[in-house]
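These are my notebook entries on a single structure. I record what I looked up and the criteria I applied.

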Amino acid sequence: MALRPLRKRSTIRDVARSAQVSHQTVSRVINGEDCITPRTRARVEHAIAALGFRPSHIARSLVSRSTKTIGLVIGDVASPFFPDVVRGAEDLLSEAGYCVILSSSRREPERELRNVTHLLERSTDGLILGAPQSDPANLADLAERTGVPMVLLNRDVRGRHVDSVWIDWQSATAEVVAYLAGLGHRRVGLVVPTRDEARYANREDWYRPALRRAGLLPAPSLIFRQSLSIDGGYQAGLAMLARNDRPTAVICHSDAMAIGLLQACTERGVAVPRELSVIGWDDVAYARLVTPPLTTVRIPRYELGQAAALKLLDLIAGRPSARTAALPLELIRRHSASPPATSKGEVS
């Protein structure tokens, strides 16, 4: 059976001939200009529909110097953290007439910079970088040199073409440590990614100051570094539970790592929260479904994406962007944290 040849794509001049107008008139109708009579507009629109004409995005971008595309580079497309961030940004940018191109760096600085370069070569109007692993100063310099606006999540940077949106990690970490100290915990551990995976804004940066503020001494032996994954949390849990001086409570960098830790506790017969309190971070959808339901820190991920998109639209339009406060977090108290066994008169 012979394949039918592909139909040649209609051009703006084909529409003009069909509607018996100039191609400039067709262009004015497409761009929604008001100087066209209703009768002429109807004739052009009928010709567009009959020919199945679609305006050339490339041609229009050459005239407007805008591709109406935004690049969004995230750390890991498989992470449960980023979908709501992407949705928040895309919802707002879509309303403004932009299309979002999604890219994943897999938390590798070289891949991240390569993706950023590819997006710049495709003439995107701006970029949002979700928790980038590249040096923020280098990214800010790139934005200034190219003139392409960039917004970075959770990185301290600001300039004519670059801005940032912050989560209040420091206050939230202090609140979590104070909560555990209030329950009676004195040995509070931390499960975090390696510095290779979280070079900037690592939970470890605020853990020690939060302990000191609560009157507790930070112990290096209570920090467990593993990959940012469920398996990483599981491996950290095995190492932690093998210690004689293990903590009575532990804060995890993410819910995924906390769930891996819960699995290790189940395998080793350690009761949560009676023998070990566990607190996650992010409040992803499955945090309330595990056993016990996970006490965690809720991050306004959708709002984070929207805040980044708003900042970017301001930069693209050349509007001054006010320095906004860091987005607040919320401690969600479920059933994976309780007073330590020793405070109940039991043997830990």
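I call a residue buried under 20% relative accessible area, exposed over 50%, and partly exposed in between, with a 1.4 Å probe and protein chains only. The model is predicted, so I took local features only at pLDDT of at least 70 and side-chain atom pairs only at pLDDT 80 or more, while totals for chains, interfaces and linings use all residues. Residues are numbered from 1 along each chain as its sequence is written, and side-chain values use heavy atoms, without hydrogens and water.

**Entry: Thr25.** I located Thr25 in helix H2 (residues 23-30); helices (H or I, at least four residues) and strands (E, at least two) are DSSP runs, numbered from the N terminus. Thr25 counts as buried because its relative accessibility is 14%. Beyond its neighbours within four places in sequence, I found Thr25 in contact (heavy atoms within 4.5 Å) with Ile36 and Thr40.

**Entry: Glu108.** I found Glu108 in the loop between S2 and helix H6 (109-121). With 34% relative accessibility, Glu108 counts as partly exposed. Glu197 is 89 residues away in sequence, yet the C-alpha to C-alpha distance to Glu108 is 7.7 Å.

**Entry: the sheet.** I traced an open sheet of five strands with parallel pairing, in the order S2-S1-S3-S4-S5; two strands pair if DSSP finds at least two bridges between them. Strand S2 (99-104) and strand S5 (162-165) are the edges, each pairing on one side only. Strand S3 (residues 126-129) and strand S4 (residues 150-153) are joined by three bridges, and Leu127 has Met150 as its bridge partner in S4.

**Entry: helix H10.** I checked the length of H10 (residues 230-241): its twelve residues should span 16 Å at 1.5 Å a residue, and the end C-alpha atoms are 16 Å apart, so the two agree. The expected span is 1.5 Å times one less than the number of residues. The buried residues of H10 include Gly232, Tyr234, Leu238 and Met240. Among the elements covering them are strand S7 (223-226) and helix H11 (255-268).

**Entry: nonpolar cores.** I define a nonpolar core as a set of buried Ala, Val, Leu, Ile, Met, Phe, Trp, Tyr and Cys residues joined through side-chain atoms within 4.5 Å. The largest has 51 residues, with Leu93 and Trp281 making the most contacts inside it. Helix H8 (169-183) is one of the elements giving two or more residues to this core, and H8 supplies the largest share, eight residues. Not counting residues up to four places away in sequence, Leu93 touches residues including Ile70, Val100 and Leu313.
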